[in-house]
Amino acid sequence: MTRSLIRVSAVFTICVVSCKGGSDARQTAGKSAGPIATVSGLSGSEAVTFDPARDAYFVSNINGSAGAKDGNGFITRINADGVVDSLHFIQGGRGGVTLNGPMGSRIKGDTLWVLDVDALRGFDTRTGAPLATIDLAPVGAAFLNDLTLGPDNDFYITDTGVRTVNGKSSHTGPDRIYHVDSQRLVTIALETPALSMPDGIGWDAKGRRLVLAPFGGKAVQQWHPGDAALTDVAPGPGHFDGVEVQPDGRILITIWDDSSVSTLDGAALTKRVVLSMPPADASVDTKRGRVGVVSVDKDSFELWAWPSR
(Lines give C-alpha, C1' and ligand atoms only; values in the text may rest on other atoms or scores of the structure.)
Protein backbone atom coordinates (compact mmCIF):
# COMPACT_ATOMS: atom_id res chain seq x y z
CA MET A 1 0.00 0.00 0.00
CA THR A 2 2.49 2.63 1.11
CA ARG A 3 3.85 2.86 -2.42
CA SER A 4 0.35 4.04 -3.25
CA LEU A 5 1.65 7.38 -2.01
CA ILE A 6 3.74 7.42 -5.16
CA ARG A 7 1.27 7.27 -8.01
CA VAL A 8 -2.47 7.57 -8.30
CA SER A 9 -3.96 8.50 -11.66
CA ALA A 10 -6.89 10.88 -11.74
CA VAL A 11 -7.83 10.03 -15.33
CA PHE A 12 -8.84 6.50 -16.18
CA THR A 13 -10.79 4.22 -18.48
CA ILE A 14 -12.25 0.84 -17.67
CA CYS A 15 -11.39 -2.29 -19.60
CA VAL A 16 -12.49 -5.85 -18.84
CA VAL A 17 -10.50 -8.64 -20.47
CA SER A 18 -10.82 -12.42 -20.18
CA CYS A 19 -7.40 -14.10 -20.24
CA LYS A 20 -6.76 -17.71 -21.29
CA GLY A 21 -3.03 -17.99 -21.67
CA GLY A 22 0.29 -16.38 -22.39
CA SER A 23 1.04 -15.31 -18.84
CA ASP A 24 4.25 -15.91 -16.89
CA ALA A 25 2.30 -15.97 -13.63
CA ARG A 26 2.80 -19.12 -11.54
CA GLN A 27 1.14 -21.05 -8.75
CA THR A 28 2.66 -23.59 -6.40
CA ALA A 29 0.97 -26.37 -8.40
CA GLY A 30 2.73 -25.25 -11.59
CA LYS A 31 2.26 -22.72 -14.32
CA SER A 32 -1.10 -21.00 -14.47
CA ALA A 33 -3.05 -20.16 -17.58
CA GLY A 34 -3.24 -16.61 -16.29
CA PRO A 35 -5.97 -14.55 -14.67
CA ILE A 36 -9.59 -15.46 -15.30
CA ALA A 37 -10.46 -11.80 -15.79
CA THR A 38 -8.80 -8.39 -15.57
CA VAL A 39 -10.21 -4.94 -14.87
CA SER A 40 -7.68 -2.27 -15.79
CA GLY A 41 -7.66 1.52 -15.51
CA LEU A 42 -8.92 1.84 -11.96
CA SER A 43 -7.73 4.80 -9.90
CA GLY A 44 -5.60 3.93 -6.91
CA SER A 45 -7.16 0.49 -6.36
CA GLU A 46 -5.82 -0.09 -2.86
CA ALA A 47 -8.12 -2.67 -1.26
CA VAL A 48 -10.68 -5.35 -2.13
CA THR A 49 -13.30 -7.28 -0.18
CA PHE A 50 -15.50 -10.10 -1.47
CA ASP A 51 -19.07 -10.16 -0.20
CA PRO A 52 -20.65 -13.62 -0.56
CA ALA A 53 -24.13 -12.23 0.15
CA ARG A 54 -23.92 -9.78 -2.77
CA ASP A 55 -21.69 -12.12 -4.83
CA ALA A 56 -19.41 -9.18 -5.60
CA TYR A 57 -16.01 -7.65 -4.93
CA PHE A 58 -15.87 -4.12 -3.53
CA VAL A 59 -12.71 -2.23 -4.58
CA SER A 60 -11.47 0.90 -2.81
CA ASN A 61 -10.18 3.58 -5.21
CA ILE A 62 -8.15 6.42 -3.67
CA ASN A 63 -8.43 8.51 -6.84
CA GLY A 64 -5.91 11.16 -5.78
CA SER A 65 -3.19 11.51 -3.19
CA ALA A 66 -3.37 8.87 -0.46
CA GLY A 67 -4.11 10.56 2.84
CA ALA A 68 -5.51 13.72 1.24
CA LYS A 69 -9.01 14.90 2.05
CA ASP A 70 -10.01 15.71 -1.51
CA GLY A 71 -13.53 14.22 -1.44
CA ASN A 72 -13.22 12.22 -4.68
CA GLY A 73 -12.64 8.64 -3.52
CA PHE A 74 -14.94 5.90 -4.78
CA ILE A 75 -15.84 2.22 -4.44
CA THR A 76 -16.17 -0.02 -7.50
CA ARG A 77 -18.40 -3.10 -7.43
CA ILE A 78 -17.21 -6.02 -9.58
CA ASN A 79 -19.27 -9.17 -9.93
CA ALA A 80 -18.00 -12.63 -9.04
CA ASP A 81 -16.94 -13.29 -12.64
CA GLY A 82 -14.68 -10.24 -12.75
CA VAL A 83 -16.97 -7.89 -14.69
CA VAL A 84 -17.58 -4.32 -13.50
CA ASP A 85 -21.13 -4.03 -12.19
CA SER A 86 -20.83 -0.39 -11.06
CA LEU A 87 -17.69 1.68 -11.46
CA HIS A 88 -18.82 4.36 -9.00
CA PHE A 89 -21.05 2.27 -6.77
CA ILE A 90 -20.14 4.63 -3.93
CA GLN A 91 -18.78 8.04 -4.88
CA GLY A 92 -17.48 10.83 -2.67
CA GLY A 93 -19.61 13.96 -3.05
CA ARG A 94 -22.67 12.09 -4.35
CA GLY A 95 -25.79 11.13 -2.41
CA GLY A 96 -24.53 12.52 0.87
CA VAL A 97 -21.35 10.44 0.73
CA THR A 98 -18.06 11.67 2.21
CA LEU A 99 -15.17 9.60 0.84
CA ASN A 100 -11.67 10.98 0.45
CA GLY A 101 -9.09 8.22 0.06
CA PRO A 102 -10.74 4.85 0.80
CA MET A 103 -8.42 2.04 1.77
CA GLY A 104 -8.91 -1.17 3.77
CA SER A 105 -12.43 -2.58 4.01
CA ARG A 106 -14.43 -5.40 5.58
CA ILE A 107 -17.98 -6.71 5.28
CA LYS A 108 -20.12 -7.09 8.38
CA GLY A 109 -23.71 -8.15 7.68
CA ASP A 110 -25.07 -5.72 5.11
CA THR A 111 -22.49 -3.05 5.89
CA LEU A 112 -19.27 -2.34 4.01
CA TRP A 113 -16.86 -0.76 6.48
CA VAL A 114 -14.16 1.34 4.79
CA LEU A 115 -11.21 3.27 6.20
CA ASP A 116 -10.94 6.83 4.94
CA VAL A 117 -7.81 8.76 6.03
CA ASP A 118 -8.79 9.30 9.70
CA ALA A 119 -12.30 7.84 9.81
CA LEU A 120 -14.10 4.52 9.57
CA ARG A 121 -17.20 4.74 7.38
CA GLY A 122 -20.07 2.30 6.93
CA PHE A 123 -22.09 1.90 3.72
CA ASP A 124 -25.06 -0.26 2.74
CA THR A 125 -23.77 -3.11 0.55
CA ARG A 126 -27.07 -3.20 -1.35
CA THR A 127 -27.51 0.49 -2.16
CA GLY A 128 -24.21 2.20 -1.33
CA ALA A 129 -25.98 4.60 1.03
CA PRO A 130 -23.88 6.01 3.91
CA LEU A 131 -24.80 4.47 7.27
CA ALA A 132 -22.22 5.52 9.86
CA THR A 133 -18.97 7.38 10.51
CA ILE A 134 -16.56 6.74 13.37
CA ASP A 135 -14.06 9.59 13.71
CA LEU A 136 -10.55 8.54 14.80
CA ALA A 137 -8.99 11.98 14.35
CA PRO A 138 -9.40 12.87 18.06
CA VAL A 139 -6.97 10.07 19.00
CA GLY A 140 -4.40 11.22 16.42
CA ALA A 141 -5.19 8.99 13.44
CA ALA A 142 -3.86 10.24 10.13
CA PHE A 143 -3.25 7.29 7.76
CA LEU A 144 -5.65 4.47 8.56
CA ASN A 145 -4.74 1.53 6.38
CA ASP A 146 -6.50 -1.73 7.16
CA LEU A 147 -9.02 -3.16 9.60
CA THR A 148 -10.32 -6.45 10.88
CA LEU A 149 -13.43 -7.54 12.72
CA GLY A 150 -12.58 -8.59 16.25
CA PRO A 151 -14.23 -11.31 18.35
CA ASP A 152 -16.43 -8.98 20.41
CA ASN A 153 -18.36 -6.96 17.82
CA ASP A 154 -15.32 -4.69 17.62
CA PHE A 155 -12.64 -3.51 15.17
CA TYR A 156 -8.84 -3.37 15.13
CA ILE A 157 -7.33 -0.80 12.76
CA THR A 158 -3.77 -0.09 11.61
CA ASP A 159 -2.25 3.37 11.21
CA THR A 160 0.85 3.19 9.01
CA GLY A 161 2.32 6.36 10.51
CA VAL A 162 2.34 8.31 7.25
CA ARG A 163 1.46 11.99 7.20
CA THR A 164 0.45 13.94 4.09
CA VAL A 165 1.18 17.67 3.96
CA ASN A 166 0.60 19.75 0.82
CA GLY A 167 0.24 16.59 -1.24
CA LYS A 168 3.58 15.14 -0.07
CA SER A 169 3.64 12.05 2.13
CA SER A 170 6.32 10.73 4.47
CA HIS A 171 6.57 8.22 7.28
CA THR A 172 6.77 10.20 10.49
CA GLY A 173 5.02 7.81 12.87
CA PRO A 174 3.65 6.97 15.28
CA ASP A 175 2.88 3.43 14.09
CA ARG A 176 -0.29 2.25 15.82
CA ILE A 177 -3.13 -0.21 16.16
CA TYR A 178 -6.45 1.30 17.22
CA HIS A 179 -9.33 -0.52 18.88
CA VAL A 180 -12.97 0.40 18.33
CA ASP A 181 -15.19 -1.44 20.82
CA SER A 182 -18.83 -2.47 20.45
CA GLN A 183 -19.93 0.92 21.79
CA ARG A 184 -17.66 2.66 19.23
CA LEU A 185 -15.22 3.88 21.86
CA VAL A 186 -11.83 4.43 20.17
CA THR A 187 -8.56 3.74 21.99
CA ILE A 188 -4.90 3.21 21.07
CA ALA A 189 -4.37 -0.54 21.50
CA LEU A 190 -0.66 -0.59 20.64
CA GLU A 191 1.94 2.01 19.68
CA THR A 192 5.50 0.98 18.89
CA PRO A 193 8.11 1.41 16.13
CA ALA A 194 8.29 -2.41 16.07
CA LEU A 195 5.06 -2.35 14.06
CA SER A 196 7.28 -1.26 11.12
CA MET A 197 4.65 0.71 9.18
CA PRO A 198 1.70 -1.61 9.92
CA ASP A 199 -0.45 -2.34 6.88
CA GLY A 200 -2.66 -5.44 6.68
CA ILE A 201 -4.34 -6.87 9.77
CA GLY A 202 -6.51 -9.91 10.36
CA TRP A 203 -8.11 -11.56 13.40
CA ASP A 204 -7.12 -15.22 13.66
CA ALA A 205 -9.86 -16.74 15.85
CA LYS A 206 -8.09 -20.08 16.20
CA GLY A 207 -4.91 -18.48 17.52
CA ARG A 208 -6.73 -15.69 19.38
CA ARG A 209 -4.29 -13.27 17.79
CA LEU A 210 -3.97 -10.44 15.30
CA VAL A 211 -1.85 -11.26 12.27
CA LEU A 212 0.01 -8.20 10.95
CA ALA A 213 1.58 -7.47 7.57
CA PRO A 214 4.16 -4.69 8.10
CA PHE A 215 5.01 -2.78 4.95
CA GLY A 216 8.34 -1.71 6.43
CA GLY A 217 9.32 -5.02 8.02
CA LYS A 218 10.89 -8.31 6.97
CA ALA A 219 8.52 -10.70 8.77
CA VAL A 220 4.81 -11.23 9.22
CA GLN A 221 3.97 -10.47 12.85
CA GLN A 222 1.44 -11.47 15.49
CA TRP A 223 0.03 -9.69 18.51
CA HIS A 224 -2.26 -10.98 21.20
CA PRO A 225 -4.37 -8.04 22.42
CA GLY A 226 -3.20 -7.00 25.85
CA ASP A 227 0.38 -8.19 25.38
CA ALA A 228 3.11 -5.61 25.86
CA ALA A 229 4.90 -6.53 22.64
CA LEU A 230 4.37 -8.25 19.32
CA THR A 231 6.45 -11.06 17.83
CA ASP A 232 7.69 -12.05 14.38
CA VAL A 233 6.01 -15.13 12.92
CA ALA A 234 7.33 -15.78 9.43
CA PRO A 235 10.23 -14.11 7.60
CA GLY A 236 9.71 -13.02 4.01
CA PRO A 237 10.95 -10.78 1.23
CA GLY A 238 9.38 -7.60 2.64
CA HIS A 239 6.74 -5.01 1.76
CA PHE A 240 3.85 -7.09 3.08
CA ASP A 241 0.45 -5.55 2.45
CA GLY A 242 -2.94 -7.26 2.74
CA VAL A 243 -4.14 -9.89 5.23
CA GLU A 244 -7.31 -11.98 5.00
CA VAL A 245 -8.26 -14.80 7.35
CA GLN A 246 -10.53 -17.20 5.50
CA PRO A 247 -13.49 -19.01 7.13
CA ASP A 248 -11.48 -22.25 7.27
CA GLY A 249 -8.65 -20.47 9.11
CA ARG A 250 -6.22 -20.14 6.20
CA ILE A 251 -4.38 -16.82 6.36
CA LEU A 252 -3.70 -14.98 3.12
CA ILE A 253 -0.88 -12.43 2.80
CA THR A 254 -0.12 -10.20 -0.22
CA ILE A 255 3.55 -9.35 -0.77
CA TRP A 256 4.93 -6.63 -3.03
CA ASP A 257 8.52 -7.80 -3.21
CA ASP A 258 7.75 -11.16 -4.83
CA SER A 259 4.39 -10.14 -6.36
CA SER A 260 2.68 -13.03 -4.60
CA VAL A 261 -0.52 -13.93 -2.86
CA SER A 262 0.82 -16.28 -0.18
CA THR A 263 -0.53 -18.17 2.80
CA LEU A 264 0.88 -18.16 6.30
CA ASP A 265 1.56 -21.80 7.12
CA GLY A 266 2.90 -22.04 10.65
CA ALA A 267 6.18 -20.14 10.61
CA ALA A 268 6.50 -20.07 6.82
CA LEU A 269 4.99 -18.24 3.86
CA THR A 270 3.85 -20.36 0.88
CA LYS A 271 3.35 -18.73 -2.52
CA ARG A 272 -0.06 -19.62 -3.94
CA VAL A 273 -0.37 -17.17 -6.84
CA VAL A 274 2.44 -15.16 -8.43
CA LEU A 275 1.42 -12.17 -10.53
CA SER A 276 3.09 -9.74 -12.90
CA MET A 277 2.07 -6.85 -10.62
CA PRO A 278 2.67 -6.04 -6.95
CA PRO A 279 -0.56 -6.93 -5.12
CA ALA A 280 -1.96 -4.43 -2.65
CA ASP A 281 -4.79 -6.62 -1.38
CA ALA A 282 -6.70 -9.83 -2.10
CA SER A 283 -9.97 -11.45 -1.10
CA VAL A 284 -11.23 -14.99 -1.66
CA ASP A 285 -14.53 -16.23 -3.09
CA THR A 286 -14.59 -19.61 -1.34
CA LYS A 287 -17.70 -20.78 -3.22
CA ARG A 288 -15.96 -20.65 -6.62
CA GLY A 289 -12.39 -21.10 -5.45
CA ARG A 290 -11.23 -17.75 -6.79
CA VAL A 291 -9.25 -14.82 -5.45
CA GLY A 292 -9.65 -11.19 -6.46
CA VAL A 293 -6.44 -9.17 -6.35
CA VAL A 294 -5.90 -5.41 -6.70
CA SER A 295 -2.74 -3.47 -7.49
CA VAL A 296 -2.47 0.21 -6.62
CA ASP A 297 0.75 0.27 -8.65
CA LYS A 298 -1.02 -0.89 -11.83
CA ASP A 299 -4.52 0.49 -11.13
CA SER A 300 -6.02 -2.91 -11.84
CA PHE A 301 -8.02 -5.86 -10.51
CA GLU A 302 -7.32 -9.47 -11.44
CA LEU A 303 -9.37 -12.59 -10.78
CA TRP A 304 -7.43 -15.85 -10.29
CA ALA A 305 -8.15 -19.47 -9.49
CA TRP A 306 -7.40 -20.01 -5.79
CA PRO A 307 -5.88 -23.37 -4.83
CA SER A 308 -7.87 -25.16 -2.14
CA ARG A 309 -4.69 -26.18 -0.33
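Predicted model: local features only at pLDDT ≥ 70, side-chain atom pairs only at ≥ 80, totals over all residues.
Which residues line the second largest pocket? Residues are numbered from 1 along each chain as its sequence is written, and side-chain values use heavy atoms, with hydrogens and water left out.

**View 1. The second largest pocket.** The lining consists of D204, K206, R209, D248, G249, R250, I251, L264, D265 and G266. A pocket is defined on a 1 Å grid over the protein atoms alone, as an open set of points where a 1.4 Å probe fits, with protein on both sides within 12 Å along at least five of seven lines; lining residues have an atom within 4 Å of a point. The space in this pocket is about 150 Å³, where a volume is the space filled by probe spheres set on the points, joined across faces, edges and corners. Its lining divides into 2 nonpolar, 2 polar and 6 charged residues. Here Ala, Val, Leu, Ile, Met, Phe, Trp, Tyr, Cys and Pro count as nonpolar, Asp, Glu, Lys and Arg as charged, and the others, Gly among them, as polar.

**View 2. The largest pocket.** This pocket has a volume of about 530 Å³. It is lined by 18 residues, of which R106, E244, V245, Q246 and P247 are the closest to its centre. At least two lining residues come from each of β5 (45–51), β9 (102–108), β13 (144–149), β19 (198–204), β23 (240–245) and β27 (281–285); strands are DSSP runs (E, at least two residues), numbered from the N terminus. The largest share of the lining, 3 residues, is given by β27. By class, the lining holds 9 nonpolar, 6 polar and 3 charged residues.

View 3. In β5, 7 of 7 residues are buried, that is, under 20% relative accessible area with a 1.4 Å probe and protein chains only. Strand β6 (residues 56–61) runs antiparallel to β5 and is joined to it by 6 bridges; two strands pair if DSSP finds at least two bridges between them. S45 stands opposite N61 of β6. Between the two strands of the hairpin lie 4 residues, and D55 takes a positive phi near 55°.

**View 4. An aromatic cluster.** Ring pairs link F50, Y57 and F301. Rings of Phe, Tyr and Trp (its six-membered ring) pair if their centres lie within 6.5 Å, and planes under 30 degrees apart count as stacked, over 60 as edge-to-face and the rest as tilted. The count by this rule is 5 aromatic pairs. The ring centres of F50 and Y57 are 4.7 Å apart and the planes lie at 55°, so this pair is tilted. Both F50 and Y57 are buried.

**View 5. The open sheet β13-β14-β17-β18.** Its 4 strands pair in the antiparallel sense. β13 and β18 (186–191) stand at the edges with a single partner strand each, so one side of each has no neighbour in the sheet. The twist from one strand to the next averages 25°, with axes taken as lines fitted to C-alpha atoms and angles running from 0 to 180 degrees between N-to-C directions. Within the sheet, β14 (residues 155–159) and β17 (residues 176–180) pair over 5 bridges, and T158 stands opposite I177 in β17.

How values were computed. Buried < 20%, exposed > 50% of the residue type's maximum accessible area, 1.4 Å probe, protein only.
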